[in-house]
Amino acid sequence: MARLKVPLTIVGGGLAGLSLATGLRNRGVAVSVHEAGHYPRHRVCGEFISGVERSTLETLGIAEAFEDARLHRSVVWFHGDQRIHENLLPSPAYGISRHRLDLRLVQLVERLGGEVLQGVRQPREANEGKVWAAGRIAGESPWIGLKAHFLDLPMLADLEMHVGANGYVGLAGVEDGRVNVCGLFRLDRERSGKGSALQLDYLRAGGLGALADRLSRAMPDEASFKGVSALQLGWQEPEPGLFSIGDAAAMIPPFTGNGMSMAFQSAESALDPLTAWSAGDCSWPEAVSSLQTSLRQRFSRRLGAANLLQGLLGHPLGRGLMNGLGRSGLLPFRSLLSLVRQ
Ligand SMILES: Cc1cc2nc3c(=O)[nH]c(=O)nc-3n(C[C@H](O)[C@H](O)[C@H](O)COP(=O)(O)OP(=O)(O)OC[C@H]3O[C@@H](n4cnc5c(N)ncnc54)[C@H](O)[C@@H]3O)c2cc1C
């Protein structure tokens, strides 16, 4: 029997949950998104969206949300204070803040007749009709993610990546002349400071003093500062039977700039199984199994490659190798990029 009238519950109104809700509404499926927070809100995120195909955005019906996004092509890499590599991306990346993008997607879902409930936290349980899109599953982790927007910060390329001894940080322009500065660092209890001062302290501790000096001459928007810890990279392995998408299914290391693309791609992969379940054409366990097979096929290779590269970036020998290759013009940037995209 068709279940089209019974709303699917999507837990988590981040990019995965909201883009799935839009795609399902475009197919006439009733959805209700339950989000713990309130919009608009800043997120710890590099806000650099790379590797998502236009066809994915169109299938989900969210392409209009990107119409005025910044388009980024040029990339420069630094190791410590040394510039080691520059290149152009094979296709442009989008630059738009999560503050703006998530709100736009909420408005899109509501315009299409979907429901978005804010301030509602749901338990994680593998129930029929419940999609888990609540982001990464918290666990013990050596990482801390820190982000803040800066104004009056001249850029050296569309994307700047700075690799230090304790992590890395990306700088990318978003709307309204803002530059998003977002990094992943090894958690260090010795570091101190509030808001962007904490970010600068981590940068200096990792040997990125020149960048910290540049940032201290710009103007931080302290209201945009966010931090997150307890994040585990790779497959999240929630309980069996959970229909999970986005970071809740798998989290790729942030240096790839591909996590948001994976959120959209996993929502795209969820559309057919959920539409079939809603129409009564398959059981819930069949829908879960179909999604999981599709995500493994789509993401296993890039997750493996990205975890390997993340390990290299985290090791002095790996960073030394990258430095040497970069400075001698031998860094295979495009090949490495394609490894973490497919
Ligand atoms: C430091 C860092 C830098 C990054 N940089 C980039 C980048 O430059 N480019 C890129 O593509 N990706 C980047 N990412 C990854 C990207 O942010 C994620 O992949 C993306 O946000 C995943 O979207 P999502 O919808 O799965 O999860 P989220 O965006 O985390 O959304 C999950 C939502 O669920 C809600 N929620 C949580 N628990 C519950 C609950 N129990 N009930 C109800 N709601 C709940 C949360 O409030 C949240 O709104 C970065 C990540 C980090 C940590």
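Asparagine 180 touches Cys45, Gly46, Glu47, Lys147, Ala148, His149, Gly170, Leu171, Ala172 and Val174, leaving aside residues up to four places away in sequence; contact means heavy atoms within 4.5 Å. The model is predicted, so local features need pLDDT of at least 70 and side-chain atom pairs count only at pLDDT 80 or more, whereas totals for chains, interfaces and linings use all residues. Residues are numbered from 1 along each chain as its sequence is written, and side-chain values use heavy atoms, with hydrogens and water left out.

**Asparagine 180**
- Asparagine 180 lies in strand β11, residues 179–186 (strands are DSSP runs of E, at least two residues, and helices are runs of H or I, at least four, numbered from the N terminus).
- Asparagine 180 counts as buried because its relative accessibility is 0% (buried means under 20% relative accessible area, with a 1.4 Å probe and protein chains only).
- The backbone oxygen of cysteine 45 is reached by the side chain of asparagine 180 at 2.7 Å.

**Overall fold**
- The protein contains nine helices and 15 strands.
- Its C-alpha trace spans about 65 × 35 × 35 Å along the principal axes.
- Of the 342 residues of the protein, 54% count as buried.
- Among contacts between residues at least 6 apart in sequence, 75% join residues at least 24 apart.

**Surface**
- The protein exposes about 14,300 Å², of which carbon and sulfur atoms supply 52% (accessible areas come from the Shrake-Rupley method with a 1.4 Å probe).

Terms used. Buried means under 20% relative accessible area, exposed over 50%, partly exposed in between (1.4 Å probe, protein chains only). A polar contact is a pair of N or O atoms within 3.5 Å; within protein, one must be able to donate a hydrogen and the other to accept it, and residues adjacent in sequence count only if both atoms are side-chain atoms.
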